Amino acid sequence: MNPRRLGDLSSPESIASALIGLLAVGLIAAQALAGMGGPTTPVPSVGPSAVPSAAPTMDPEIRRALATALLVNQSLASRGAALESAISVEPPVALDIADHLRSVNADLTAGKQAADRLRLGDETADLGADLATFYDGLMARTTETLGNSIRNTDAYVEGARAIIDMLAPLPALNDRIADALVGRSGATPSPSGSAAPTPPPTPPPTPPPATPSVPPQSSPPSAQPSGAPVSLVFNPGFEDGVNGWQLQLTDGAQATLAHEPLGGPDGSAAARVDITIGSPARSGIALMSEVFALRRGETYVVDLWVKSTAAREVSVRLVAASGQVTASRVLQAGTTWSEISFDVTHLAADPNVQLSLDLGRSDATVWFDNIVVRKSPG
């Protein structure tokens, strides 16, 4: 499957399209009510009015199931991109591929529940059946791959390639979900057989008050000021030493975590990880945050500053208490300070999430500063 297509599905524009679809439902319902209110007398005002009890509306459970399916598909696209990255390295590591496949299965569990609910709706039954078939096929292939010995790297690479190919129907399925959300697939003509009356011009809706935030930084951060975005991660700038952070080592890896009071981009504090013996697995050396809570369906921004003694990769993951990886990105770090930022939509409420910065596959020393996880303002 085309990696760019997978990346497009997990972009902020895709998430925005899903949200626009949800808003369109409300707009279409409002227009329908304006056309059903009786004669063609213009609406005297644009103020709120009572909604007739007989007005047709979408079943809230169906609406939630459609929105969940879109979120699941967006996450699956991200998993596909992560699998592309995992099998493209030399040599590929079966443990890393297995982590991504387990995350795919976790998404599929939520997707299958949404598909089952859609199958109960008169207008979404066919879509629900097709989604269920799609999710069942993916789960069967991931489960088959995970049944192989972790030493059988070839089997994991083959399974990952198969999963990437099987994600090809995602764009078409997402189009059908979006159509269902705005009622295009089962829309009925107006009773008069003519075009629906044009509603009187209304002023654009007033957006809700924005949460005060600091504009994006154009220069390296210093100690987090009082007006900076509030991070869900404790001690994001390491001004309190390395409290709230721990180094997790597996498979014989050796590394140390140190605090540099003046090691940050502009003389602020930073954390440094020195690696003595590396790990072939990305997660073999991981800088872990304290736990924090994420809400279901919310989009969050993950933002951090990083520098290394040599060009290297850093894997950034959100990990549930069960060990399930709920989001993963493999990003590039260089020899000068750079900012890394991405958005992620969380599919389930979880009060015990940890941020993991994985440093396996390289022995280069790494510095971190201003590690922020916050709710997206969009």
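**View 1. Leu-262 in the loop between strands E2 and E3.** Leu-262 sits in the loop that joins strand E2 (254-260) to strand E3 (270-277), where strands (E, at least two residues) and helices (H or I, at least four) are DSSP runs numbered from the N terminus. The model is predicted, and local features need pLDDT of at least 70, side-chain atom pairs count only at pLDDT 80 or more, and totals for chains, interfaces and linings use all residues. Residues are numbered from 1 along each chain as its sequence is written, and side-chain values use heavy atoms, with hydrogens and water left out. Leu-262 is exposed, with a relative accessible area of 70%; exposed means over 50%, buried under 20%, and partly exposed in between, for a 1.4 Å probe and protein chains only. Not counting residues up to four places away in sequence, Leu-262 touches Gly-267 and Ser-268, a contact being heavy atoms within 4.5 Å. The C-alpha atoms of Leu-262 and Glu-239, which are 23 residues apart along the chain, are separated by 9.9 Å.

**View 2. The largest nonpolar core.** This core has 39 residues, of which Leu-66, Leu-76, Ile-97, Leu-131, Phe-134, Tyr-135 and Ile-177 touch the most other members; a nonpolar core is a set of buried Ala, Val, Leu, Ile, Met, Phe, Trp, Tyr and Cys residues joined through side-chain atoms within 4.5 Å. Two or more residues come from each of helix H3 (60-88), helix H4 (94-118), helix H5 (125-146), helix H6 (153-166) and helix H7 (170-182), and H3 gives the most, with eleven residues. Leaving aside neighbours within four places in sequence, Leu-131 is in contact with Ala-69, Asn-73, Ala-115, Leu-118, Leu-173 and Ile-177. Another core, of 34 residues, lies apart from the largest one and has Ala-253, Val-273, Ile-285 and Leu-304 among its members.

**View 3. The packing of helices H4 and H6.** H4 and H6 pack at an angle of about 35°, with their axes 9 Å apart; axes are lines fitted to C-alpha atoms, for helices over the stretch in contact, and angles run from 0 to 180 degrees between N-to-C directions. On the H4 side, Ala-94, Ile-97, Ala-98 and Leu-101 meet Thr-153, Tyr-156, Val-157, Ala-160 and Ile-163 of H6. The residues of this contact divide into eight nonpolar, one polar and no charged, where Ala, Val, Leu, Ile, Met, Phe, Trp, Tyr, Cys and Pro count as nonpolar, Asp, Glu, Lys and Arg as charged, and the others, Gly among them, as polar.
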